[in-house]
Amino acid sequence: MPARHPAVVDPPTRTHTGPDTGRTPDAAAGNRVGTVTSRPVRSPAMPRVFSGIQPTGDLHLGNLLGAVRNWVQDQHAADSFYCIVDLHALTVPKAPGEVGRSSLEMAQTLLACGLDPDVCTLFVQSHVPEHAELSWLVQCVTAMGELNRMTQFKDKSAKQANKTDLVSVGLFTYPALQAADILLYDTDRVPVGEDQRQHIELTRDVAERFNARFGDTFVIPQATIPRAGARVMDLQEPTDKMSKSAASDAGVVYLMDDLAVTAKKFKRAVTDSDGEVRYDPSAKPGVSNLLSILGAVTGRSAEELGEEYSQYGPLKADTADAVVELLTPIQQRFRELVEDPAGTSELLAIGAEKARAVAGAVYTRAVDHVGLLPRA
Ligand code: TYM
């Protein structure tokens, strides 16, 4: 059984500094960086965190409460890598140039939300080629049956098929690329919303399989899913999660919506007809969603908040006010950042360098363990 968290740090077996490897150590990026070790190197004092987000459309309240807000907190407590997963976005058809533009905008949005590039590593997936490279090795230890069971594949492929668009092989193998993203960074924790739980479980399974077959190569990561905000629901269809691909925008609160529109979306949120406020997601999905959002934004429990309201109107108004207060400074900062696209691109280039120093070392470890013929 491979050690998950070896207590002893192995001495490096090989160091890649040759100009042809493109994997030059970056001392500034930390002491676990740029050195190829035969086994994962752990640092319990500074856990490694990795997470990703697709640059498709604008960020919405579900992304913020389920993931990004926790990234902002984690960056101070962990060695954090956050990735704009542009290759994942290509799994459904995109116009030429669209993904590039939205990647820059996503970076500006994440910075506006509070990611600090001096503290965390923020980068674009395609700037670190090891993601695509490792994904091939991961695909070769992933079963078709495992990918067939992924609920996101079932949902997204059904949507694509309805549009008579092609359902790409990339959409099918997407979770193997996601596993590669995570495993490339010796990741301990993956902060995500509830909808990503199954993908992280698959990552653990394939990493264990790879380790069993080729020796201790990958750290086995864990999902961290927030207690509040893990599954923000659509305000109009409260049994569906809030999603960029919703049929209508009326129930989706985008971070960059005009704040008057945001307030209106809450005012028009679907509740029910019995007029009673209580937290009961199966019987009262709309009301419970508002209580969850208010709870996640204010740091209070949804159940407790449910006892403080007797009418829907004040609950909607207070939830709208809390969300508007949360979004106001984010929008201000975003407006400043869009004035300087070159500044954001520079930050992303630095992030990619830092990421590559880690990813290159782990990828080399994986290739070593598989035993491919080293290039002379
Ligand atoms: P994506 O881009 O769909 O979503 C980014 C993050 O937002 C969370 N999220 C939500 N949380 C609560 N309520 C909602 N309604 C809601 N909608 C989205 C997601 O759980 C996610 O944490 N496959 C991933 C991207 C990815 C990734 C990775 C994530 C690629 N590689 C490696 C983690 C680690 C995705 O499509 O997320």
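**Stop 1: two paired strands**

Select strand 2 (residues 79–84) and strand 3: 4 bridges join them, and they run parallel. Two strands pair if DSSP finds at least two bridges between them. Helices (H or I, at least four residues) and strands (E, at least two) are DSSP runs, numbered from the N terminus. Now pick F81; T121 is its bridge partner in strand 3.

Stay on strand 3 (residues 121–124) and show its side chains. T121 and F123 point one way, L122 and V124 the other way, and all are buried. Buried means that 20 or more other C-beta atoms lie within 10 Å of the residue's own; exposed means 12 or fewer, partly exposed is in between, and C-beta atoms are placed from the backbone.

A word on the model. It is predicted: local features need pLDDT of at least 70, side-chain atom pairs count only at pLDDT 80 or more, and totals for chains, interfaces and linings use all residues. Residues are numbered from 1 along each chain as its sequence is written.

**Stop 2: D181**

Select D181, in helix 7. Is D181 buried or exposed? D181 counts as buried because it has 28 C-beta neighbours inside 10 Å. Leaving out residues up to four places away in sequence, D181 touches F50, G52, C83, V85, Q125 and H131. Contact means that the C-beta atoms of two residues, placed from the backbone, lie within 7 Å. Next, draw a C-alpha to C-alpha line from D181 to T203: they are 22 residues apart in sequence and 9.6 Å apart in space.

**Stop 3: the ligand**

Show the ligand. 25 residues surround it, and the closest are G52, G62, G66, V192 and G193. A residue is included if its C-beta atom, placed from the backbone, lies within 6 Å. Strand 1 (48–53), helix 1 and helix 7 (169–183) each supply at least two residues of this shell.

**Stop 4: helix 10**

Select residues 285–298, which are helix 10. Its 14 residues should span 20 Å at 1.5 Å a residue, and its end C-alpha atoms are 20 Å apart, which agrees. The expected span is 1.5 Å times one less than the number of residues. Of the 14 residues, 12 are buried, so helix 10 is largely enclosed by the rest of the structure. What covers them includes helix 1 (61–74), helix 11 (302–308) and helix 12 (312–338). Step on to G299, which follows helix 10; its phi is positive, near 75°.

**Last stop: the whole chain**

Zoom out. The protein chain has 13 helices and 5 strands. Of its 376 residues, 45% count as buried.
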